[in-house]
Amino acid sequence: MQLEAYYMNRINKLFNEKSSGILSVYYTAGFPNIDDTLSITQHLQSAGADMVEIGIPFSDPVADGPTIQESNQKALDNGMTLKLLFEQLKGLRESVDIPVILMGYINPVIQFGLKDFCKACQEVGVDGLILPDLPVLEYQEHYQSTFQQYGLKNVFLISPQTSEDRIKHIDSISDSFIYMVSSAGTTGAKDKFSKENMTYFQRIKDMELNNPTLTGFGISNHTTFEQATQTSSGAIVGSAFIKTITNSTDLKKDVHEFVKRLTGLRGTN
Amino acid sequence: MKYDVDSNGYYGQFGGAFIPEMLYPNIEELREQYLKIIEKESFKAEFDDLLKQYVGRPTPLYFAKRLSEKYKAKIYLKREDLCHTGAHKVNNTIGQILLAKALNKQKIIAETGAGQHGVATATVCALMGMECIVYMGEVDMARQRPNVERMRLLGAEVVPAKSGSRTLKDATNEAMRHWISNPTDTHYIIGSVVGPHPYPDMVARFQSVISAEIRTQLSSLEGRALPDKIIACVGGGSNAAGAFYHYLNDERVELIAVEAAGKGNESGKSAATTVLGKPGVLHGSKTLLMQTEDGQVVEPYSISAGLDYPGIGPIHAHLFDVGRVKFESATDQEAMEAGVELSRLEGIIPAIESAHALAALSKLELKADEIIVINLSGRGDKDLETYIKWGKY
Ligand SMILES: Cc1ncc(COP(=O)(O)O)c(C=O)c1O
């Protein structure tokens, strides 16, 4: 391995190596049971997921639909906290080498302390952050330098309503990938993307951005996964995965079957 | 002016617009347009005319003689309880529905706790023939049945918020989610000086008619525009912002905000944000917020549904921070007693929210001949059930 690649952030490395069919899976820390966080990450890796997004549960997740809201509430009821999450992730890099992103709302991060949070992320081996209610301007003025200091990539969202100028601006301040929200709405599973959705996906593809994109919100099955991956580097799945593990009695088996069903092939053992 | 919002939407360290990117175009449109629209002469004329002919403004500044005798000061009540729909909330909904029309929006959404803002929104939607959806916590819908039916009678759809604690903060979450899903044709009428910039400033401006009138009325009644003290209750803080607005730079006017202390600030059942809160981000702005060490929002408690909110508007967090406004709090019991007292002394049954402001009278050191204005934000009709349950009258 070249030295440069060795020091490269795991997210950048993934996108360097793979330009289509990437599967990133979101799930909530401490859900369905408080101690499931790390084992789900491990199962996802062995099932062939390319990246994971671990949700920091929050009492008021405004960008999320009912499935993820409920998983957040359950995790909090289970006693999940950000402090505990970092404890759980202490041994992360002994068994997991795919990129790991933390996704959550800004308030728990503020209460933890920005610097302490970033430091803890770096220590356990987190590669990036998705904070939907941290706006671009606020990020640039108060967060960017600290994130960079600790090697954390901040991932921005764009939606069908985002103007072309703003997409270009977001592209210019991103250096990992752009999270393309599939349609106007909160997180939640869909059966199929409409023509309108596909036109928007194509429009973004035609912009030839510097950063790769992943499509998220609404990916739930092989059809939507394939549709998403035609026009972007891959897909992010959340609600459909949460539904799968909600009442699971065999997490390993269910995680493997889920990845297989979605991608149509993957799964090693 | 010294206490104005800055161009990024901040009041000192509080405010901003912490919204998901999906809402950026909506908030940006509002930010770019709101001052242009509301400062137009034609807008002002229509707003003023509706406030006069429809809402019944100016509301009286009533000298409360018997209350004054009891507290040995000159006490005036700003009678927002006499507004159409029974509270100050309608000043804001009239302003915002006109703004929504100017922005060519066809549909309106709102959140409501006690139902007062929901009723005020349903009212202006009926007036303008616009579709209206109001989100209300499932728990609040059960507590505030008559207001649910008032909204329905006015033609609004009332949608129960079933997530989280199923109260006002969750209704606000649901309204925001609805807006994310319907970004182009819908305007969200927020009910207090909360939310992302420019909402706090916009709502404060619409409510500022309260202090504009107090100045004129007091001048003609007392020969001076400045009272010694102004007292208002604070949930999110819109009636207080309106009552303080044109006095903020008159530093010799003492401004007093009263929060709900529920069963007491040490009881774990309170809504007194400046006592129990820390800086945090909820519903699009950085403000004082009741929360756990882990940053989870804590469910507040107050007998008054309209004060039962875990934050306060960023303008108030700032005014508290710099000491321009003094914050007091009143317990359920103190507020109920003050409500009964006003009923007996003046023949005015106040909303329980407003009764919190009245309760401050017995906590303050008053000088004889001091002029005090209390913003009576609403009437008590909606609270009859609570008064009856309270029973001590
Ligand atoms: C009569 C009355 N006063 C006060 C409030 C509290 O809101 P704000 O603090 O925004 O004035 C409410 C809210 O429902 C209300 O109905």
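Predicted model: local features only at pLDDT ≥ 70, side-chain atom pairs only at ≥ 80, totals over all residues.
Local features require pLDDT of at least 70 and side-chain atom pairs pLDDT 80 or more, whereas totals for chains, interfaces and linings use all residues. Residues are numbered from 1 along each chain as its sequence is written, chains are lettered from A in the order in which they are written, and side-chain values use heavy atoms, without hydrogens and water.

The ligand sits in the largest cavity, a cavity being a set of points, on a 1 Å grid over the protein atoms alone, where a 1.4 Å probe fits but cannot get out; sitting there requires more than half of the ligand atoms within 2 Å of the grid points. Around the ligand are 18 residues (a heavy atom within 4 Å), and B:Ser192, B:Gly235, B:Gly237, B:Ser238 and B:Ser377 come nearest. The shell consists of 5 nonpolar, 11 polar and 2 charged residues, with Gly counted as polar.

A ligand oxygen lies 2.7 Å from a backbone N or O atom of B:Gly237, and a polar backbone atom of B:Gly236 is 3.2 Å from an oxygen of the ligand. A polar side-chain atom of B:Ser377 is 2.7 Å from a ligand nitrogen. Of the 390 Å² of accessible area that the ligand has on its own, the protein covers 97% (Shrake-Rupley method, 1.4 Å probe).

Over all chains, 0 disulfides (cysteine sulfur atoms within 2.5 Å) are found. For A:Cys121, the nearest cysteine sulfur, in A:Cys118, is 6.1 Å away; A:Cys121 is buried (under 20% relative accessible area), at 0%. B:Cys132 is also buried, at 6%, and its sulfur is 3.7 Å from that of B:Cys125, too far for a bond.

Terms used:
Polar contact = N/O pair within 3.5 Å; in protein donor to acceptor, adjacent residues only side chain to side chain. 1 Å grid on protein atoms, 1.4 Å probe; cavity = no way out; pocket = protein on both sides within 12 Å on 5 of 7 lines; lining within 4 Å. Buried < 20%, exposed > 50% of the residue type's maximum accessible area, 1.4 Å probe, protein only.
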